[in-house]
Amino acid sequence: METPFPPFDPEGEANKPVVDGEDGEATGRLRDVPLRVIVPNFITLMAICSGLTAMRMAMEGRFQMAILAVLFAAILDALDGRIARLLKSTTRFGAQMDSLADFVNFGVAPALVLYAYVLNDAGSIGWIAALIYAICGSLRLARFNVMLDDPNRPDWMADYFTGVPAPAGAMIVLLPIYVGFLGVDLSGDYSFLVAGYIIFVGLLMVSNLPTYAGKNATQRIPRQWVLPIMILTVLCVAILFSYPWKAMAAVSIGYILLLPIGRQAYQRALRRDAAAVSSEKESGN
């Protein structure tokens, strides 16, 4: 009996016959999908729901809830890929859905939240700024997907993104709202400055500026620094919960100020790689 829905096909194998039985004949029946394959997709769907909820909260004027929804989407975005790798359940379907989720959560949602909060005071200029940011988010994600398929990309480059990643871009582009929650009035003529800042963040996402990815979990930490780092982490979490908007504003400003440091680290790694390639060529000769 045929079902009204197509079978879930995470690897695009619907057109490939499945060989069953001892005779090795192709039956055309797809194998059942393990639950571990579906779990990361559930998390991605929850992230999309959170991003869409942020838009609703913004339209209702509940901007603090909108910001929290975007932050929750960012947390889920950080979890789904890691859980997929932990469960060994990465699929082509999940990768495509994750990219679409990133565009909704970190491209469209922040743009609409900012427009509802302050950019509407700038009129058409504010809307253009929101459009530019959202389009830059889509271009950044498309370029990221293409770069993943580059077979000639050195392994060490996996430690760096090209341009500010979409989740980080969403966090720093919301800086005007963090500042607004602290009592700073950004309405009126100041909204044009906010529009310029949003365009600036969008351009950072599509730029060639290398930014540290922070994916290297195998990096070792000296033993004497373990306890201080743990205490510092607890302190940062306590500050975040006690003074959320001040902490988010400080983190956003600090992230922007530290971007040149990531570029310098990338340039040093690039020079080391070039020196290693040159050394191999000389030894081969």
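**Exercise 1.** Is the crossing of helix 2 and helix 3 left-handed or right-handed? Work out how this pair is arranged and what sits between the two helices.

*Solution.* 
Step 1. Keep in mind that you're looking at a predicted model. Find helix 2 at residues 63-86 and helix 3 at residues 92-117.
Step 2. Check the geometry: the two pack at an angle of about 165°, and their axes lie 11 Å apart.
Step 3. Angles over 145 degrees count as roughly antiparallel, so helix 2 and helix 3 are roughly antiparallel to each other.
Step 4. The handedness of their crossing is left-handed.
Step 5. Now for the contact. Helix 2 brings Phe63, Ala66, Ile67, Val70, Ala73, Ala74, Asp77 and Asp80, while helix 3 brings Asp98, Asp102, Asn105, Phe106, Val113, Ala116 and Tyr117.
Step 6. Sort these residues by class and you get 10 nonpolar, one polar and four charged.

**Exercise 2.** Take a walk along helix 2: how many residues does it have, and which of them are buried?

*Solution.* 
Step 1. Helix 2 has 24 residues.
Step 2. From first C-alpha to last, helix 2 reaches 35 Å, close to the expected 34 Å.
Step 3. Buried means under 20% relative accessible area. In helix 2 the buried residues are Phe63, Ala66, Ile67, Ala69, Val70, Leu71, Ala73, Ala74, Leu76, Asp77, Asp80 and Ala84.

**Exercise 3.** Where is Pro244 placed, and how far is it from Tyr178 in space?

*Solution.* 
Step 1. Pro244 belongs to helix 9, residues 244-284.
Step 2. Its relative accessible area is 31%, so Pro244 is partly exposed.
Step 3. Pro244 and Tyr178 are 66 residues apart in sequence, yet their C-alpha atoms are 8.8 Å apart.

**Exercise 4.** Zoom out: how many helices and strands does the protein chain have?

*Solution.* 
Step 1. Count nine helices and four strands.
Step 2. From the N terminus, they run β-β-α-α-α-α-β-α-α-α-β-α-α.
Step 3. Of the 285 residues in the chain, 36% are buried.

Technical notes: Residues are numbered from 1 along each chain as its sequence is written. This is a predicted model: local features need pLDDT of at least 70, side-chain atom pairs count only at pLDDT 80 or more; totals for chains, interfaces and linings use all residues. Side-chain values use heavy atoms; hydrogens and water are left out. Axes are lines fitted to C-alpha atoms, for helices over the stretch in contact, and angles run from 0 to 180 degrees between N-to-C directions. Angles under 35 degrees count as roughly parallel, over 145 as roughly antiparallel, 65 to 115 as roughly perpendicular and the rest as oblique. A crossing is left-handed if the near helix is turned anticlockwise from the far one by less than a right angle, and right-handed if clockwise. Contact means heavy atoms within 4.5 Å. Ala, Val, Leu, Ile, Met, Phe, Trp, Tyr, Cys and Pro count as nonpolar, Asp, Glu, Lys and Arg as charged, and the others, Gly among them, as polar. The expected span of a helix is 1.5 Å times one less than its number of residues. Buried means under 20% relative accessible area, exposed over 50%, partly exposed in between (1.4 Å probe, protein chains only).
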